Structure formats: C-alpha cells, structure tokens
Amino acid sequence: MPNQPIRRLISTYRWISHKLTPAILTDAENAGIDAVEIFCSAKHFNYRDPETVREIAAWFTGHSMKLHSMHAPTALDFSPGREGGSPVSVSDLERVRRLDAVDEIKRALEVAEKVPFEVMVLHFGGSRDSDDPRRWDVAFSSLENLGLFARQRGVTLALENTPSEMATPANLCHFLEETRLPGLRLCFDSGHAQLDEGAVPALETMGSLAITTHLHDNHGEKDEHLLPFAGTIEWEKLMKAMPPELPILLELREQPSGSPSFQEIRAAFDALEQARENS
C-alpha cells in the first residue's frame, strides 16, 4: 500500500528579513503548504505588538492553512534601550538575563491565546555555551516555569538540537529522560545534526522524543539552510528513518539570488515524498 501524502509545512524563517504579512501566508497557502511555523523576531513577526498579532490571527481565521508551531525568540531586539541581538537563553548563568529570557518566551507563547498552535520550538542556549552542569540546573528551573505556562495555552515545548556543546541530540535526550518535565519534547533539526554526528544518527538518537522537525541541507561545514538534496544529507536514508507521524517542516534561508521560490519548494516536497515512497 502506498504511503499517505506528506503534510507540507514550512517555517517563515525563509522570509526572516521581511515583515510577515498576510500576503506571504496567502502565497504559501496557494503553493500547497498545509501549515507553517512562525519565527518570532521583532522585524519579522513582532509578537509583542497587539495589532500585528490580531492581523495574523485574523488571516488564519479565514484560511485553511494552519499555524503548526512558533519558533521562540532567539534575541532581544525591540527597544533602543536594549542591546541589539542580546541572546535569549533559558540556560544563561546570569539570573537577570535568564529571567528576561523566560519572560520574553512567555510573551511569544501568549500568541496562542489569539491563534492556537501546537508546538513552540526553542533553543537550549547559545552556540558558544560550554557543557556546564550549572547551565543544566538553571535550564531545569526555566523550563519547569515555561512548561506550565505553555501547557495552560495548549502548547508543547520542543528543544531543538543546535551546533553547540550542550544541545546535542544525546544531551537533550538525557536531559528529558532525567528530568521528566511534563510537556517537554524535542525538535529534530537535520541541518544542525549534519554538522555534528550526521542527520540519520541524530534522528535515531532522538527517537520518539522528537515531535517536530526543521529540515534543511548543507555541505557539512556551515549552517546553510539549503533545500533538501542541495547538500550532503542522504535524504533517502533520512526519510526511511523518519517516523510517519513526524511533521515534514522545511526551515530554509533566503539565498542572495532570492531563492528558493515556491516552485523550488514544491519540487523539494515532491522529492521528499518520492523518497518516502521508495523507503
């Protein structure tokens, strides 16, 4: 029996340098996208601004495309009084910065009160953070607090594997298994995994703890966020290892040429579907 067609999901990270508008969402829906993940960034989607949130919520009310997830903010870049690009980290050893990070993620979670979504993806820490036991301890407190806030809004938190000492698939799995925090799972990022142990081994490590994905390609040296099949990931093997219930969500980066276009994105989904069909 042939596999069911894949659900086609995409992150608005593809348009991160542009303001998220209803027109972008309409174009995505017209291209056959089933659901999106919105990346929380002040210049892209200002989740702090009630009018911005109302505008996006109103669009979803009148359309069939769904909001699957949101990516938690990774930097504070709203106020002139704040340092531009100051990282948002739940494992920051500086208490004030850590509490600010928790508050900022809560502001983004409040969007679920206007337009429901299932998952919030968040980074465990910065790419330069060392694997320090103290960071795991403070992260536990942060995520215990955030987890309750998220569950009250029907949202599950998903920690993303990132190119850092701390947020490896093995470390994240160990953290979840040791803490058993309710409402906390993982987001499998294929491109980040490819920079470390490889995409397929990382997915196998995460197993059933992964509830969503960020799929993109690279050449094994830097985080390029390319279309699938444009780098060195063995997509046929990855799709064979991918549990059928795991969402296929592309997290792409706009290239200097302005690509990828929706036509190229559709072709990539078709190729992934074919790879799953052949698995």
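Visitor: In what order do the eight strands of the open sheet stand?

Guide: This is a predicted model, in which local features need pLDDT of at least 70 and side-chain atom pairs count only at pLDDT 80 or more, while totals for chains, interfaces and linings use all residues. Residues are numbered from 1 along each chain as its sequence is written, and side-chain values use heavy atoms, with hydrogens and water left out. Strands (E, at least two residues) and helices (H or I, at least four) are DSSP runs numbered from the N terminus, and two strands pair if DSSP finds at least two bridges between them. The pairing in this open sheet is parallel, and the order is E9-E8-E7-E6-E3-E2-E1-E10.

Visitor: Which strands stand at the edges?

Guide: An edge strand here has a single partner strand, so one side of it is left without a neighbour in the sheet. The two strands in that position are E9 and E10 (248-250).

Visitor: Helix H4 packs on the sheet; what angle does its direction make with that of E7?

Guide: H4 (residues 133-151) touches E6 (119-123), E7 and E8, where contact means heavy atoms within 4.5 Å. Axes are lines fitted to C-alpha atoms, for helices over the stretch in contact, and angles run from 0 to 180 degrees between N-to-C directions. The direction of H4 makes an angle with that of E7 of about 140 degrees.

Visitor: Is strand E2 enclosed or open to the outside, and how many of its residues are buried?

Guide: Buried means under 20% relative accessible area, exposed over 50% and partly exposed in between (1.4 Å probe, protein chains only). On one side of E2 (residues 35-39) Ala35, Glu37 and Phe39 are buried, and on the other Val36 and Ile38 are buried. E2 is largely enclosed by the rest of the structure, because the buried count is five of five.

Visitor: Which residue of E9 is the bridge partner of Leu186?

Guide: Leu186 lies in E8, where it is also the bridge partner of Leu159. Strand E8 (residues 184-189) is mostly covered, with five of its six residues buried. Four bridges join E8 to E9 (residues 210-214), and these strands run parallel. In E9 the partner of Leu186 is Ala210.

Visitor: How many disulfides does a search of the whole structure find?

Guide: A disulfide is a pair of cysteine sulfur atoms within 2.5 Å. The sulfur of Cys40 is 14 Å from its closest cysteine sulfur, in Cys187, so that pair is too far for a bond. For Cys173 the closest cysteine sulfur is also in Cys187, at 13 Å, again too far. The number of disulfides found is zero.

Visitor: What is the relative accessibility of Cys173?

Guide: Cys40 is buried, with a relative accessible area of 2%. Cys173 also counts as buried, and its relative accessibility is 5%.
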